[in-house]
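Dear colleague,

I am handing over the structure below, followed by notes on what was found in it. Please read the notes with the coordinates open.

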Amino acid sequence: MRLLKVATCNLNQWAMDFDCNLKNIKDSIIRAKEAGAVIRLGPELEITGYGCEDHFLELDTVAHAWECLKDLLLGDWTDGILCSFGMPVIKGSERYNCQVLCLNRKIIMIRAKMWLANDGNYRELRWFTAWKQKDQLQEFQLPSDISEALQQKKVPFGYGFMQFLDTAVAAEVCEELFSPIPPHTELALNGVEVFMNASGSHHQLRKLDIRMRAFIGATHTRGGVYMYSNHQGCDGGRLYYDGCACVVVNGDVVAQGSQFSLKDVEVVVAQIDLDAVASLRGSISSFQEQASCKQVVSSVEVPYKLCKPFNLQMSLSSPLKICYHSPEEEIAFGPGCWLWDYLRRSGASGFLLPLSGGADSSSVAGIVGCMCQLVVKEIANGDEQVKSDAIRIGHYTDGQFPTDSKEFAKRIFYTVFMGSENSSDATRTRAKVLADEIGSWHLDVSIDTVVSAFLSLFQTLTGKRPCYKVDGGSNIENLGLQNIQARIRMVLAFMLASLLPWVHSKPGFYLVLGSSNVDEGLRGYLTKYDCSSADINPIGSISKQDLRIFLRWAATHLGFSSLAEIEAAPPTAELEPIRSNYSQLDEVDMGMTYNELSVYGRLRKIFRCGPVSMFKNLCFGWGSKLSPSEVADKVKHFFKYYSINRHKMTVLTPSYHAESYSPEDNRFDLRQFLYNSRWPYQFRKIDELVDELSVGQDVSSANGVGIVAAGSADPKAGF
């Protein structure tokens, strides 16, 4: 037997905070050594943090990374353990995303990433060059101060693997695993048994299964040990990296770390028998045949043994059942952990949320409540870092610390119901009950006098006073009156967030939380600079349907029972007067349902459909209940309002990224914000198709043949 103990990590790094990152790296090495591991794998670009973005273009960033690496190599951190460190490296005039592989205070080789992530939220080609010289390892001259300190002038650089005396080890960096021809394919044929994947993979609802299938597939038919390391937490932007470091052996997961955690460092250890890898490969005839005529990959000889012989004191890691969270759990824990990182790193003393009693703001309140529960739980489990942060943020004294989530929420969370004459008693009551369940410091404020003052000023300036539509006003008047209320709430929210701590003799400031969902952003069903405008928004890329599922789950599992009643209430903005024959409803205002909005969003972004392609797809998806003409009307209606309101995305509150059809304008969904909202060419093409389909339907009916559309009557089916 060749027994090998390996360690991989979830690290909560912070972009450009080199002290924080170096501390976490050292802590992970200590834990790996204590566990007896001889390989330690950290996340991609762990020394700098993954989310440095244009800071990667600064020479300082690269220089500081080398300084941190020198610190690690001059100490005993790499003694007796192979460590993979992620950092940027400049070779010649090119900047590469690299894994620096070190052992016994020396650099063995530098592995440059060959296939860069450059879609969705990723822009690696903006900062890095892909390594294209696959046929050889080149010599790399170390920076002079590093060379002098390490007594090492040159190291192998590029693509290759490390050949130890008893096994072969190689790196495969993040995106390379998901490329059409991943490196591990030919590396396995060259005898590599251990693959180390350093990753920077962010959370997205229902995404983990894709990742896990890739790890399993990489070793199921080829054999091998696949180690995966990831960032975990908010490193300074909209993304939450969801950890889940793991070890897979011959297609079986034998170790898995947490996906959502408040821990800064988590080390996952596994012990395996490499003879199991050799045995599987030897039993597969096709593997043997392909290995016999493989393309040779360059390697670095390392005169060192990593494995231990047969020993009954060393038990092997057994296959595990993979832990997956439901989408509603992901909504609770992902944004909850993200909010905690943002709160503790921003210097703020808490959050303020305009709580309307509706589904969206109540979802945000529930997520903050979940965050408080996670903090208290982690403190009870002995996490000193979380405890220290909670004491500082909650301003505890005399050795006190959070032991009850409601008490902690009272210290760090304000909720404010900002009602007007258009608000109902039902929403006011729901907001109060939910605030009591969570434990927030709740205020009930009327904004009518402020609205009246604005209208009086307007009347003084113009001689006119606008009226609501139900009272005989025009659409322009009606919209203007709604926008006044929404924008007053934004101003009031920021005033309260900055001054309430002072009123209650608390130091610092509070962050204002937004609560618009992804569907409202897509449709533009929000006022520019209204109370959805905030410092950060934990639900900005989560759909209304998923939020409603979350509310039902949270009512039971988080103990906020009022969320069930909130979920059951019809969505309404409550910006217009309530009359016996009229009540404002979101879906009526929008001219489309939230279910339909999700379909439009997925087709527009995920399936890359313009108006004509969307029409064709929906003729199949909705054809059993809608005529082509009705489908055309719906598509035109959506694109009209999407394009009219796209400008709102340029000022969208920074939101937690969770959904693949997010319209977020910063870097995920890059599109213009000035459109010809009549879409004359595209809509004309749709009209032509409707005419053709109508003629075809008439002919079919005359022949006694009815048109049967493919797909389901369910608007979400297939999309």
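In this predicted model, the axes of helix 10 (residues 359-380) and helix 12 (residues 405-412) come within 9 Å and cross at roughly 120°, where axes are lines fitted to C-alpha atoms over the stretch in contact and angles run from 0 to 180 degrees between N-to-C directions. Helices are DSSP runs of H or I with at least four residues, numbered from the N terminus. Helix 10 is therefore oblique to helix 12, a class left over once angles under 35 degrees (roughly parallel), over 145 (roughly antiparallel) and 65 to 115 (roughly perpendicular) are taken out. Met371, Cys372, Gln373, Val375 and Val376 of helix 10 make the contact with Ser405, Phe408, Ala409 and Ile412 of helix 12, contact meaning heavy atoms within 4.5 Å.

Tyr525 lies in the loop between helix 16 (518-523) and helix 17 (544-557), and is buried at a relative accessible area of 18% (buried being under 20%, with a 1.4 Å probe and protein chains only). Leaving aside residues up to four places away in sequence, Tyr525 touches Glu520, Ala573, Gln584, Asp586, Asp589, Met590 and Tyr594. With Asp589 there is also a side-chain to side-chain polar contact at 3.0 Å, that is, a pair of N or O atoms within 3.5 Å, one able to donate a hydrogen and the other to accept it.

Residues are numbered from 1 along each chain as its sequence is written, and side-chain values use heavy atoms, without hydrogens or water. Because the model is predicted, local features need pLDDT of at least 70 and side-chain atom pairs count only at pLDDT 80 or more, whereas totals for chains, interfaces and linings use all residues.

Best regards

Notes: Helix = DSSP H or I, 4+ residues; strand = E, 2+ residues; numbered from the N terminus. Buried < 20%, exposed > 50% of the residue type's maximum accessible area, 1.4 Å probe, protein only.
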